[in-house]
Every structure is written in structure tokens, then in C-alpha cells.
Amino acid sequence: MLKTKLVTLTDEPTALKFEAHFNKPVSIVVQNLDDEEYIYVGNENVSTSNFGVRIPAEGTFDADLLNDDLYV
């Protein structure tokens, strides 16, 4: 099953949550549609100086998650 969701980001960390529980792991793709700004991926304290992954402008990031605690 494929589900999509468009999320508009702000300066505050935004949790990526799933509306239904799926079998783990869950494969996700985060696509940066902005042509200038980065997206920072990490935990609930994610920021421009505290992140796990930085997605460049017009870039993508994909991962298999074992839990749904991912923030952008």
C-alpha cells in the first residue's frame, strides 16, 4: 500500500506520523520541493545545528523506519 502526504514545514520541528499502524519497517521518502532551502531530519530536537540528515534543495531522503519518531 502506498500512502502520500504533503507537509508544509515551519521553523518548529514537525513530527512525521502515520495515520494507521503498518507492519514494521515502514519505507518512507522525504522529498524537498524547495529550490533553495534545506530540510533537516532528526529527533524531536531537530534544528539547523542538531540533525541526523540534511536534505539539499530539490533532494530526497529515503529510509526504512522501525518506529515513527521522525521529525523534519
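Which residues form a negative surface patch? The answer is Asp34, Asp35, Glu36, Glu37 and Glu58. Welcome to this structure, which is a predicted model.

**The negative patch and Asp35**
- Asp35, one of the residues of the negative patch, sits in the loop that links strand 2 (26-31) with strand 3 (39-41).
- Asp35 has a relative accessible area of 55%, so this residue counts as exposed, the cut-off being over 50%.

**Asn32, in the loop between strands 2 and 3**
- Asn32 is found in the loop between strand 2 and strand 3, the loop where Asp35 has its place too.
- Is Asn32 buried or exposed? Asn32 is buried, because its relative accessibility is 4% and buried means under 20%.
- The Asn32 side chain comes to 2.7 Å from the backbone oxygen of Glu37.
- That side chain also reaches the backbone oxygen of Ile55, at 3.4 Å.

**Leu66, in the loop between strands 5 and 6**
- Leu66 belongs to the loop between strand 5 (60-65) and strand 6 (70-71).
- With a relative accessible area of 66%, Leu66 is exposed.
- How many residues apart in sequence are Leu66 and Pro25? They are separated by 41 residues in sequence, while their C-alpha atoms lie 4.7 Å apart in space.

How values were computed
Residues are numbered from 1 along each chain as its sequence is written. This is a predicted model: local features need pLDDT of at least 70, side-chain atom pairs count only at pLDDT 80 or more; totals for chains, interfaces and linings use all residues. Side-chain values use heavy atoms; hydrogens and water are left out. Patches are made of residues with over 30% relative accessible area and no salt bridge: like charges are joined within 9 Å, nonpolar side chains (Val, Leu, Ile, Met, Phe, Trp, Tyr) within 5 Å. Accessible areas come from the Shrake-Rupley method with a 1.4 Å probe; for residues, only the protein chains shown count as cover. A salt bridge is a side-chain nitrogen of Lys or Arg within 4 Å of a carboxyl oxygen of Asp or Glu. Lys and Arg count as positive and Asp and Glu as negative; His and the chain ends are not counted. The place of a charge is taken as NZ of Lys, CZ of Arg, CG of Asp or CD of Glu. Helices (H or I, at least four residues) and strands (E, at least two) are DSSP runs, numbered from the N terminus. Buried means under 20% relative accessible area, exposed over 50%, partly exposed in between (1.4 Å probe, protein chains only). A polar contact is a pair of N or O atoms within 3.5 Å; within protein, one must be able to donate a hydrogen and the other to accept it, and residues adjacent in sequence count only if both atoms are side-chain atoms.
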